Amino acid sequence: MFREERGLLLASLTRRFGDLDLAEEVTSEAIEAALRHWPAEGVPARPGAWLLTTARRKAVDRLRRDRAYAARLAVLQADAERDDAVAPAADAAGAGELPDERLQLFFTCTHPALAAEDRTALTLRCLAGLTTPEVARAFLVPTATMAQRIVRAKKKIREARIPFRVPGPDELPERLPGVLQVVYSVFTEGYAASSGPRLQRLGLAEEAVRLARILHRLLPAERETAGLLALLLLVHARRDARTGPEGEPVLLEEQDRGRWDRAMIEEGRDLVVRALTGGPAGPYGVQAAIAALHDEAAGVESTDWAQIVALYDVLLALTPSPVVAVNRAVAVAMRDGPGAGLALLDALAGEPRLRAYPPYAVARGDLLTRLGREGEAAVAYREALEAAGTEPERAALRRKLGE
């Protein structure tokens, strides 16, 4: 419940007081108070309202004690009122308002004054509830580096006096790519947890799907919002088949496709058509098309690997990255044989970002095993084991090494 309410609390408190650090601190204090009182007094009927009321009181108490802090927040409040005064009348009347406070802050924290990497880091840490190490693993950087980005973003907001407000309709398209990236990153952490006892964090994945639905309802003409929602639905449809009875990972080729959510797949396929119609495809639309091809196939053997490789070629041109290159290499291996895929993977060996990316070493281990090079495969699996973040991944890799 605390994880679910934390984002709502931060959103409401930041809008009320205009200070993200203050909102984080009093949110933590309210949760601490709940841990003291609820075991003895019982959980209130509306726990979220209890937490919000407690956090607001603590914020007001802090401001009363700290006059300098209160003076700075008064300046922020004056800036916000000035921005409201110059906003178009339609905006003041509520046109273009987002239907969820967390999404309002998603857009706010993707302000163009912030560096792109800082926007995503700040939003994931403060509004999506990921820890700093989880955010760092999602972007394949050291925890210390990610912590510096988050501090830098907060400092920029404070010193530049960036207002916490809903962007107007004319600003939404400019802010949209950053928001899509944040929602996608939240889903990625839910789909494949970076650490912990479980492979999936279904609550995070479902929250990302919910946010993507709201974005799509808000901006139905934006094809990439359709593409993102399609991608999330088509991948999340496999959630029940991705783990075994003990929580162990189940590879795509071994999954019981009868357990896939067919209604979700159909919805995703319809959205793919919208995402790919009416102009050049965006990266989320292309990824959704790849996911649709996997979901439509009766099995790995009948999957259209040639078309998947072609789509990865498009995706690599749109968003060049070593992770996309790894996925493309695996698809080439399925189309042309393990030797062809291994050659592509080996060409990426010098990429530093892949050292902390277990799927790269796992893919090499699998292809080396298929080629009968078991000693080299064992080395690759040991490398993957060292980088694996969750216990189910580590257990599966230990079994691979045992084999």
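Accessible areas here come from the Shrake-Rupley method with a 1.4 Å probe, and for residues only the protein chains shown count as cover. By that method the accessible surface of the chain comes to about 19,200 Å², of which 53% belongs to carbon and sulfur atoms. The model is a predicted one, in which local features need pLDDT of at least 70 and side-chain atom pairs count only at pLDDT 80 or more, while totals for chains, interfaces and linings use all residues. Residues are numbered from 1 along each chain as its sequence is written, and side-chain values use heavy atoms, with hydrogens and water left out.

**Overall fold**

The secondary structure of the chain comes to 20 helices and 0 strands, where helices (H or I, at least four residues) and strands (E, at least two) are DSSP runs numbered from the N terminus. The radius of gyration is 23 Å, close to the 22 Å that the globule rule gives for 403 residues, so the chain is as compact as a globular protein of that length; the radius is taken over C-alpha atoms, and the rule is 2.2 Å times the number of residues to the power 0.38. Along its principal axes the C-alpha trace spans about 70 × 50 × 40 Å.

Of the 403 residues, 47% count as buried, a term that means under 20% relative accessible area, with exposed meaning over 50% and partly exposed lying in between (1.4 Å probe, protein chains only). Among contacts (heavy atoms within 4.5 Å) between residues at least 6 apart in sequence, 63% join residues at least 24 apart.

**Aromatic pairs**

Rings of Phe, Tyr and Trp (its six-membered ring) pair if their centres lie within 6.5 Å, and planes under 30 degrees apart count as stacked, over 60 as edge-to-face and the rest as tilted. By this rule the count comes to 3 aromatic pairs. One of them is formed by Trp 38 and Trp 50, which are edge-to-face at 5.3 Å centre to centre, with 70° between the planes. Trp 38 lies in helix α2 (residues 20-41) and Trp 50 in helix α3 (residues 47-65), so this pair ties together parts that are 12 residues apart in sequence.

Phe 187 and Tyr 191 also form a pair, stacked at 6.2 Å centre to centre with 20° between the planes. Being 4 residues apart in helix α10 (residues 172-191), Phe 187 and Tyr 191 are separated by about one helical turn.

| Residue | Relative accessible area | Class |
|---|---|---|
| Trp 38 | 9% | buried |
| Trp 50 | 25% | partly exposed |
| Phe 187 | 4% | buried |
| Tyr 191 | 27% | partly exposed |
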